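Subject: Structure for you to look at

Hello,

Please find the structure below, followed by notes on what was found in it. Keep it open while you read.

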Amino acid sequence: MNPRQICKGVYWMGAIDWNRRLFDALIPLPDGTSYNSYLVQGSEKTALIDTIDPAMEKILMNQLKNIDRIDYVISNHSEQDHSGCIPFVLGKYSQSIVVCSPKAKGLLIDHLGIADERIKTVEDGEILSLGGKTLRFVHTPWVHWPETMVTHLPEDRILFSCDFFGSHLATTDLYAGDDPVVYEAAKRYYAEIMMPFRKMIQNNMKKVRELQFDFIAPSHGPIYNHPNFILSAYEDWISDRVSNFVVIPYISMHGSTEAMVNYLVAALAERGVKVQKFELSTTDIGKMAMAFVDAATIIIGTPTVQVGPHPGIFSAMHLANELHPKLKYAAIIGSYGWATKAAEQISGSIPNLRVEILDTVMCKGLPRAETFEALDILVDKIHKKHAGL
Ligand code: FEO
């Protein structure tokens with residue numbers, strides 16, 4: 001893609017990564033992603049806001065081939081998908097310096113080997129004039145690392161937010177409009193990347209809401225030309241509200257746990273409770289993470305391997321624990337052959353989930369009448385707890 005003008009003196013640059021399917025060797029990207037960089041030309045100075053993933057360095061450097069001067073490389077975030085091309089830009093523009101938050105300085109030196117003398121740090125609220133265009137830096141820690149900041153361009157009413165509000169979406173659309181596809185991609189992005197920092201994001205949202213802008217230009221996905229589209233979505237996702245919604249991640253080896261899960265899905269649905277089940281050996285874990293954004297209750301279903309839970313359940317619960325979802329209630333169900341410690345081991349593996357454990361239902365071999373009676377009691381408890389949600 002060639003550079004694309006947003007307004008006079010402000011251009012989108014970057015790379016659309018149509019084929020990438022995994023981020024951090026962990027996070028599914030079913031729709032690819034983009035790495036957005038922005039060129040801002042004042043009457044005296046020129047700034048490049050964030051760069052792109054170093055795997056696509058040639059694309060950015062080609063976009064810069066007719067740009068004679070860059071004075072500042074603004075690094076809103078030190079992660080390599082945005083900072084990885086800074087060394088190439090510094091190499092091409094020998095007078096340029098990196099502008100970043102104080103916490104970012106050490107990260108850029110450690111992760112990219114950028115020379116100390118080419119880094120200028122900026123305090124929260126500090127401004128930098130480019131001549132007719134002003135960059136204001138607002139510290140917004142933990143979107144997504146501790147050093148992150150956003151850059152505001154008041155003259156053109158643009159907020160450059162880097163990961164904050166981003167979406168993993170490969171598209172030729174420069175603007176998001178009110179596209180529900182972007183909403184889904186942004187919700188997935190929030191669930192996979194931002195959800196652990198929900199409380200910090202509540203503070204950052206207040207700071208962002210004080211700024212005046214008509215565009216939010218993130219460094220993944222299209223630009224929001226209707227900012228309230230994404231701001232109101234975030235306000236919903238980061239709120240303390242949960243929905244009348246149960247998530248059931250599970251694995252079944254010989255069908256007993258699956259039979260229990262299916263019984264619960266039907267019984268809860270009959271009571272008007274929304275349910276999503278995720279069979280973890282085949283599921284897209286990003287879908288499960290998205291369900292965690294709103295759900296009130298998790299029911300974890302596992303068979304017993306030796307005496308513990310299935311390793312796939314351990315892995316998924318480790319991820320759930322790291323995502324810090326705002327779940328309120330939990331239950332553990334499953335099966336075993338001769339003995340089990342699966343429920344105790346699962347409940348010990350999720351200390352970050354501040355949930356009330358409603359019940360544990362483990363059956364030996366096939367589920368029988370008494371198993372389904374116990375599941376009915378669990379359904380009653382969930383229905384009562386969800387009343388009023
Ligand atoms: Fe898009 Fe935290 O990097």
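**The end of the chain**

A387 lies in the segment after α12 (369-386). Helices (H or I, at least four residues) and strands (E, at least two) are DSSP runs, numbered from the N terminus. A387 is exposed, with a relative accessible area of 58%. Here buried means under 20% relative accessible area, exposed means over 50%, and partly exposed is in between (1.4 Å probe, protein chains only). The C-alpha atom of A387 is 8.0 Å from that of N244, although 143 residues separate the two along the chain.

**What kind of model this is**

This is a predicted model, in which local features need pLDDT of at least 70 and side-chain atom pairs count only at pLDDT 80 or more, while totals for chains, interfaces and linings use all residues. Residues are numbered from 1 along each chain as its sequence is written, and side-chain values use heavy atoms, with hydrogens and water left out.

**The chain as a whole**

The chain has twelve helices and 21 strands. Its C-alpha trace spans about 80 × 40 × 35 Å along the principal axes. Of the 389 residues in the chain, 56% are buried. Contact means heavy atoms within 4.5 Å. Among contacts between residues at least 6 apart in sequence, 72% join residues at least 24 apart.

**Helix α7 and its two partners**

Two packed helices are described by the angle between their axes and the distance between the axes. Axes are lines fitted to C-alpha atoms, for helices over the stretch in contact, and angles run from 0 to 180 degrees between N-to-C directions.

Take α5 (residues 180-194) and α7 (residues 227-238): their axes come within 11 Å and cross at roughly 40°. That makes α5 oblique to α7; angles under 35 degrees count as roughly parallel, over 145 as roughly antiparallel, 65 to 115 as roughly perpendicular and the rest as oblique. The crossing of α5 and α7 is right-handed. A crossing is left-handed if the near helix is turned anticlockwise from the far one by less than a right angle, and right-handed if clockwise.

On the α5 side, the contact is made by V182, Y183, A186, K187, Y190 and M194, and on the α7 side by F229, I230, A233, Y234, W237 and I238. Sorted by class, this contact of α5 with α7 has eleven nonpolar residues, no polar ones and one charged residue. Ala, Val, Leu, Ile, Met, Phe, Trp, Tyr, Cys and Pro count as nonpolar, Asp, Glu, Lys and Arg as charged, and the others, Gly among them, as polar.

Helix α6 (residues 198-209) also packs with α7, at an angle of about 145° and with the axes 10 Å apart. The crossing of α6 and α7 is left-handed. Residues in the contact include R198, I201 and M205 of α6 and L231, Y234 and W237 of α7. By class, the contact of α6 with α7 has seven nonpolar, three polar and three charged residues.

**Aromatic rings**

How many aromatic pairs does the structure hold? It holds 13. Rings of Phe, Tyr and Trp (its six-membered ring) pair if their centres lie within 6.5 Å; planes under 30 degrees apart count as stacked, over 60 as edge-to-face and the rest as tilted.

Y183 and F229 form an edge-to-face pair, 6.4 Å centre to centre with 65° between the planes. This pair links distant parts of the chain, with Y183 in helix α5 and F229 in helix α7, 46 residues apart. Y183 counts as partly exposed at 25% relative accessibility, whereas F229 is buried at 16%. F229 also forms a tilted pair with Y224, 6.2 Å centre to centre and 40° between the planes. Ring pairs link F164, F165, Y183, Y190, Y224, F229, Y234 and W237 into a cluster.

Most residues other than glycine have a negative phi. D50, which is not a glycine, has a positive phi of about 60°. D50 is in the loop between β6 (46-49) and α1 (57-63), and counts as buried at 2% relative accessibility. W142 also has a positive phi, near 75°. W142 lies in the loop between β11 (134-139) and β12 (149-153) and is partly exposed at 32%.

V122 is in the loop between β9 (119-121) and β10 (127-129) and is buried, with a relative accessible area of 1%. Leaving aside neighbours within four places in sequence, V122 is in contact with V99, C100, S101, P102, F137, H139 and M149.

Regards
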